[in-house]
Amino acid sequence: MYIVSACLLGKNCKYSGGNNRDDRVIRFSETHRVIPVCPETEGGLKAPREPAERVGDRVLSRSGEDWTAYFKRGAETCWERAQKEAEQAGEPIEGAILKARSPSCGSGKIYDGSFTGNITDGNGCFAEILISCGIPVKTEEDR
Ligand code: SF4
């Protein structure tokens with residue numbers, strides 16, 4: 001089974017209220033069992049919402065609110081739910097396809113906290129948990 005960012009599958013959970021539908025990811029989901037997750041809405045944030053970025057160990061909204069607790073809770077809840085679903089299905093979690101550069105889902109590169117579109121090395125809060133548990137994480141942009 002594969003964990004997939006729900007916004008890549010067309011769910012309107014993105015901060016703007018829209019989604020990041022990706023045809024390659026959709027096609028992948030038609031031939032593989034997937035567990036859609038959105039750590040930010042699972043953590044209690046609504047869509048639409050302000051954009052947020054990681055700033056060191058914290059996650060701040062563009063207006064400067066500290067949303068770290070939402071992001072941490074959402075990441076942990078999604079990981080627990082994914083493990084439970086995989087266990088119930090009797091299948092291992094083989095990997096994850098998560099939205100590039102997101103403060104939750106990004107892997108390897110994320111926005112740098114300046115809200116200017118600049119990126120830096122790092123992982124989103126959810127991707128960080130998966131990577132630390134040995135789950136291979138890719139973005140929708142990886143070939
Ligand atoms: S938290 Fe992940 S799944 Fe949810 S909107 Fe952001 S990138 Fe998409």
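In which loop is Phe115 found? Phe115 is found in the loop between E6 and strand E7 (119–121), where helices (H or I, at least four residues) and strands (E, at least two) are DSSP runs numbered from the N terminus.

## Basis of the model

The model is predicted, so that local features are reported at a pLDDT of at least 70 and side-chain atom pairs at pLDDT 80 or more, while totals for chains, interfaces and linings use all residues. Residues are numbered from 1 along each chain as its sequence is written.

## Overall architecture

The secondary structure of the chain comes to four helices and eight strands, and along the sequence these follow the pattern β-α-β-α-β-β-α-β-β-β-α-β. The C-alpha trace spans about 45 × 25 × 25 Å along its principal axes.

Buried residues make up 40% of the 143 residues. A residue is called buried if 20 or more other C-beta atoms lie within 10 Å of its own, exposed if 12 or fewer do, and partly exposed in between, with C-beta atoms placed from the backbone. Residues 24 or more positions apart account for 62% of the contacts with a separation of 6 or more, a contact being a pair of residues whose C-beta atoms, placed from the backbone, lie within 7 Å.

## The parallel sheet

An open sheet of four strands has the order E2-E1-E5-E8, with parallel pairing; two strands are taken to pair if DSSP finds at least two bridges between them. Strand E2 (34–37) and E8 stand at the edges with a single partner strand each, so one side of each is left without a neighbour in the sheet. Neighbouring strands of this sheet are turned by 25° against each other on average, direction ignored, where the axes are lines fitted to C-alpha atoms and angles run from 0 to 180 degrees between N-to-C directions.

E1 and E2 pair in the parallel sense over four bridges, and Ser5 stands opposite Val37 in E2. Strand E1 (residues 2–5) is covered on both faces, with Tyr2 and Val4 buried on one side and Ile3 and Ser5 buried on the other. Three bridges join E5 to E8, which also run parallel, and the bridge partner of Ala96 in E8 is Val137.

Strand E3 (residues 52–55) and strand E4 (residues 58–61) run antiparallel and are joined by four bridges, with Val55 having Arg58 in E4 as its bridge partner. The hairpin has two residues between the strands, and Gly56 takes a positive phi near 65° there.

In helix H4 (residues 125–132), Cys125, Phe126, Ala127 and Leu130 are buried, and their cover includes helix H2 (39–42), E4, helix H3 (68–89), strand E5 (95–98) and strand E8 (137–139). Leu130 is buried because 24 other C-beta atoms lie within 10 Å; leaving aside residues up to four places away in sequence, Leu130 touches Trp79, Ala96, Ile135 and Val137. H4 is followed by Gly134, whose phi is positive, near 85°.

## Backbone features in loops

The peptide bond from Ala47 to Pro48 is cis, with omega near 5°, and Pro48 lies in the loop between H2 and E3. Arg101, in the loop between E5 and strand E6 (109–111), has a positive phi of about 70° although it is not a glycine. Arg101 counts as buried because it has 20 C-beta neighbours inside 10 Å.

Phe115 likewise has a positive phi, near 55°, in a residue other than glycine. Phe115 is partly exposed, with 16 other C-beta atoms within 10 Å.

## Surroundings of the ligand

The residues around the ligand are Ser5, Ala6, Cys7, Cys13, Lys14, Cys38, Pro39, Glu40, Lys99, Ser102, Ser104 and Cys105, each being counted if its C-beta atom, placed from the backbone, lies within 6 Å of the molecule. By class, this shell has six nonpolar, three polar and three charged residues; Ala, Val, Leu, Ile, Met, Phe, Trp, Tyr, Cys and Pro count as nonpolar, Asp, Glu, Lys and Arg as charged, and the others, Gly among them, as polar.

Note on methods. Two residues are in contact if their C-beta atoms, placed from the backbone, lie within 7 Å.
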